[in-house]
Amino acid sequence: MTHYHPSIETLTDYAAGALPLAHSLCVSTHLEQCPECQKQLMKLEALGAELFEQNTMPTQSVRYLKDQFFAKLSQQEAVPSDTAINTALPQRDSKGYLIPKSLRQFIHHDYDELPWMHLSPSFKIATLLNEEGGAQVALTRVKPGAHMPTHTHTGDEITLVLEGAFSDETGIYRKGDFICRDARHKHKPIVTKDAECICLTVLDAPIEFTGWFTRLLNPILRRYHPHTSL
């Protein structure tokens with residue numbers, strides 16, 4: 001069961017097509033696994049369509065429309081039951097992992113086919129997309145019971161758990177959970193011992209390892225991040 005979801009503001013921007021490509025991809029992948037957010041999205045799209053029809057005056061301010069939108073959202077109780085959502089089954093790879101539909105443009109058959117870069121014996125990453133001068137979309141893969149080095153963030157980070165589970169100082173996160181971090185956070189994610197953990201991450205700027213040895217990896221992360229590689 002998913003416990004952590006995108007904020008209502010993020011879902012609203014997604015419904016309006018206002019999210020950057022990388023963030024939109026991460027939300028789309030979460031939606032495949034989360035019936036709760038699917039229903040919320042249908043509600044947002046229905047409200048948006050209703051407001052669009054009611055407000056055709058060019059003098060309406062964006063702020064006014066936004067206030068109207070959230071006022072109606074708070075009043076909305078029922079979700080249209082006849083709104084269709086694409087529920088086609090995702091594809092499984094050779095290890096039985098589910099490949100989300102939204103990621104099949106990068107992963108055709110198997111996670112193992114990706115060009116993984118090993119940052120330690122138990123931790124590796126694979127870059128899926130670099131937005132020019134913007135965010136990086138990547139997969140992280142950590143062995144059972146292992147941990148990522150302690151690190152801070154120099155920008156916003158979204159993490160979506162695709163397989164397995166991990167914990168840090170603020171909780172435990174399982175398949176489907178959508179976690180947001182920023183420069184205020186410093187943490188050391190630890191993977192549960194029962195299975196390896198695969199996560200989809202969107203990084204507006206590279207993370208920075210803080211350990212005396214792992215700091216040596218920071219130049220590598222910056223080199224491959226579009227925010228700093230230009």
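A disulfide is a pair of cysteine sulfur atoms within 2.5 Å. The model examined here is predicted. A search of the whole structure finds zero disulfides. The sulfur of Cys-26 has its closest cysteine sulfur in Cys-180, at 8.2 Å, which is too far for a bond. Cys-180 is likewise in no disulfide, its nearest cysteine sulfur being that of Cys-26. The surroundings of the two residues were also computed. Cys-26 is buried, with a relative accessible area of 0%. Cys-180 is partly exposed, with a relative accessible area of 44%.

Salt bridges were examined next. Side chains of opposite charge can pair when their charged atoms come close. Five salt bridges are found in the whole structure. Asp-112 takes part in a salt bridge with Lys-95, where the closest N and O atoms are 2.6 Å apart. Asp-112 sits in the loop between β2 (98-99) and β3 (117-120), and Lys-95 in the loop between β1 (91-92) and β2, so this pair ties together parts 17 residues apart in sequence. Asp-112 is partly exposed, with a relative accessible area of 39%. Lys-95 is partly exposed as well, at 46% relative accessibility.

Asp-112 also meets the side chain of Arg-141 in a salt bridge, at 3.0 Å from N to O. This pair links distant parts of the chain. Arg-141 belongs to strand β5 (residues 136-142), Asp-112 to the loop between β2 and β3, and the two are 29 residues apart. Arg-141 counts as buried, at 4% relative accessibility. The contacts extend beyond single pairs. Lys-95, Asp-112, Arg-141 and Glu-196 are linked in a network of salt bridges.

A further salt bridge joins the side chains of Arg-181 and Asp-168, at 2.9 Å from N to O. Arg-181 lies in strand β10 (residues 178-181) and Asp-168 in strand β8, so the pair ties together parts that are 13 residues apart in sequence. Arg-181 is buried, and Asp-168 is buried too.

An open sheet is formed by three strands in the order β9-β8-β12, with antiparallel pairing. The edges are held by β9 (171-173) and β12 (190-191). Each of these edge strands has a single partner strand, so one side of each is left without a neighbour in the sheet. β8 (residues 166-168) pairs with β12 in the antiparallel sense over two bridges. Ser-167 has its bridge partner in β12, namely Ile-190. In a regular strand the side chains alternate between the two faces of the sheet.

His-118 has Lys-124, in β4, as its bridge partner. β3 and β4 form a hairpin, with two residues between them. The loop between β4 and β5 holds Gly-133. Gly-133 counts as partly exposed, at 37% relative accessibility. The C-alpha atoms of Gly-133 and Pro-226 are separated by 5.0 Å, although the residues are 93 apart along the chain.

Rolling a probe the size of a water molecule over the atoms shows where empty space is left. The count comes to one cavity of 30 Å³ or more. The largest cavity contains about 370 Å³ of space. Its lining consists of 32 residues, of which Thr-140, Met-148, Glu-157, Thr-201 and Ile-207 are the closest to its centre. By class, the lining of the largest cavity has 20 nonpolar, nine polar and three charged residues.

How values were computed. Residues are numbered from 1 along each chain as its sequence is written. This is a predicted model: local features need pLDDT of at least 70, side-chain atom pairs count only at pLDDT 80 or more; totals for chains, interfaces and linings use all residues. Side-chain values use heavy atoms; hydrogens and water are left out. Two strands pair if DSSP finds at least two bridges between them. Helices (H or I, at least four residues) and strands (E, at least two) are DSSP runs, numbered from the N terminus. On a 1 Å grid over the protein atoms alone, a cavity is a set of points where a 1.4 Å probe fits but cannot get out, and a pocket is an open set with protein on both sides within 12 Å along at least five of seven lines; lining residues have an atom within 4 Å of a point. Grid points are joined across faces, edges and corners, and a volume is the space filled by probe spheres set on the points. Ala, Val, Leu, Ile, Met, Phe, Trp, Tyr, Cys and Pro count as nonpolar, Asp, Glu, Lys and Arg as charged, and the others, Gly among them, as polar. A salt bridge is a side-chain nitrogen of Lys or Arg within 4 Å of a carboxyl oxygen of Asp or Glu. Buried means under 20% relative accessible area, exposed over 50%, partly exposed in between (1.4 Å probe, protein chains only).
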